[in-house]
Amino acid sequence: MEHGSFNYCNLPPWVIASRHFNENPQPLEIQGVKEANRFLFEKLATIASQEERALIFNDFMSVKFQLHNWQDQATDTARKSIKNSYLRFLRGWMMDSNSIEGAVLKRWVESRMGITPTFHRARISNIHSEAYFDYSVDVMKGSARTNAIQSQLDLLYEYCQYELVRKYPATRTISLYRGTYDASEHSVLEQIGKREQIVRLNNLISFTSDEERAWEFGSTVWQVNVPLSKVFFYNDLLPGSIMKGEGEYLIIGGEYRVRQVMCTL
């Protein structure tokens with residue numbers, strides 16, 4: 001898959017998607033998001049408790065996007081468009097990454113990072129394929145369900161990055177794991193060794209920080225060093241997170257060096 005020629009980041013798509021970026025991570029920023037929401041990040045900087053910062057973030061999102069006023073809207077369509085916030089789409093991903101909600105999250109990566117998806121219900125070979133058309137239909141259906149969902153996801157990503165810097169102040173990468181029953185569904189770009197490969201992952205994909213948990217999702221488990229700047233969301237970012245207990249991370253894809261973990265059972 002060729003990546004888009006533009007995005008809304010401080011680095012071009014082919015850099016973000018490359019294996020070289022993962023080996024030499026750099027901070028990523030969505031243009032104008034932190035500046036437009038300067039008050040939020042200034043407020044967060046004064047709060048020591050991660051739990052309290054998360055509550056502040058939730059309140060800010062509710063006010064900025066009028067999420068708390070969904071019952072006051074005049075029509076069912078208007079009520080649903082506000083009620084279906086970024087949390088609805090995270091839940092949808094948890095149920096099925098190939099759902100309509102999953103398509104909207106993949107489109108966010110595509111539009112902001114410039115990295116096209118390689119799979120949604122079916123393998124996507126290029127943007128002119130039938131699979132890409134079907135994916136785009138799901139995106140339109142999902143985007144019609146809510147208010148300014150791409151802007152909500154912009155702010156969610158920047159908040160995630162803010163918290164990761166505070167959580168891992170001297171770290172640029174984190175070791176994560178992914179279990180799969182069919183490792184061949186991913187494109188192998190280079191075989192490095194018996195258990196190491198360069199693989200092209202989908203533009204948004206789930207990993208876990210718990211190696212044992214990864215074995216529950218497949219007979220093959222990969223270990224990957226993921227740049228913190230490519231983490232879109234993680235399990236304990238928000239209070240009462242829908243992903244809590246699974247150690248789940250949603251990461252921005254591209255080319256990754258993966259190492260197959262040997263089963264110790």
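Biologist: Leaving aside its neighbours within four places in sequence, which residues is Met113 in contact with?

Modeller: This is a predicted model. Contact here means heavy atoms within 4.5 Å. With neighbours within four places in sequence left out, the residues in contact with Met113 are Asn7, Cys9, Pro13, Ile16, Leu28, Ile30, Trp108, Tyr157 and Ile252.

Biologist: Which residues touch the most other members of the largest nonpolar core?

Modeller: In soluble globular proteins, nonpolar side chains tend to be buried together. The largest nonpolar core here has 59 residues. Those that touch the most other members are Tyr86, Met113 and Phe232.

Biologist: How many residues does α10 give to this core?

Modeller: Helix α10 covers residues 149-167. It gives the most to this core, and its number of residues there is nine.

Biologist: How many residues are in the second, separate core?

Modeller: Among its members are Ala103, Ala131, Tyr132 and Val139.

Biologist: Is α8 roughly parallel or roughly perpendicular to α10?

Modeller: The axes of α8 (residues 100-113) and α10 come within 10 Å and cross at roughly 75 degrees. Angles of 65 to 115 degrees fall in one class. Therefore α8 is, relative to α10, roughly perpendicular.

Biologist: How many residues of the contact of α8 with α10 are nonpolar?

Modeller: On the α8 side the contact includes Val104, Leu105 and Trp108, and on the α10 side it includes Ile149, Leu153 and Tyr157. Met113 of α8 also takes part. The contact has three polar and three charged residues, and its nonpolar residues number seven.

Biologist: How many residues apart are Arg19 and Glu190?

Modeller: Arg19 and Glu190 form a salt bridge, with the closest N and O atoms 2.8 Å apart. Arg19 is in helix α2 (residues 19-23) and Glu190 is in strand β4 (residues 187-191).

Biologist: Does Glu190 count as buried or partly exposed?

Modeller: Buried means under 20% relative accessible area, and exposed means over 50%. Glu190 has 38% relative accessibility, so it counts as partly exposed.

Biologist: Which strand holds Arg257, and which holds Glu196?

Modeller: The side chains of Arg257 and Glu196 meet in a salt bridge of 3.9 Å, N to O. Arg257 is partly exposed, with a relative accessible area of 38%, and Glu196 counts as partly exposed at 26%. The pair is 61 residues apart in the chain. Arg257 is in β8, and Glu196 is in β5.

Note on methods. Residues numbered from 1 in each chain as written. Predicted model: local features only at pLDDT ≥ 70, side-chain atom pairs only at ≥ 80, totals over all residues. Heavy atoms only, no water. Axes fitted to C-alpha atoms, helices over the stretch in contact; angles between N-to-C directions. Helix = DSSP H or I, 4+ residues; strand = E, 2+ residues; numbered from the N terminus. Parallel < 35°, antiparallel > 145°, perpendicular 65-115°, else oblique. Nonpolar A, V, L, I, M, F, W, Y, C, P; charged D, E, K, R; others polar. Core = buried A, V, L, I, M, F, W, Y, C linked by side-chain atoms within 4.5 Å. Buried < 20%, exposed > 50% of the residue type's maximum accessible area, 1.4 Å probe, protein only. Salt bridge = Lys/Arg side-chain N within 4 Å of Asp/Glu carboxyl O.
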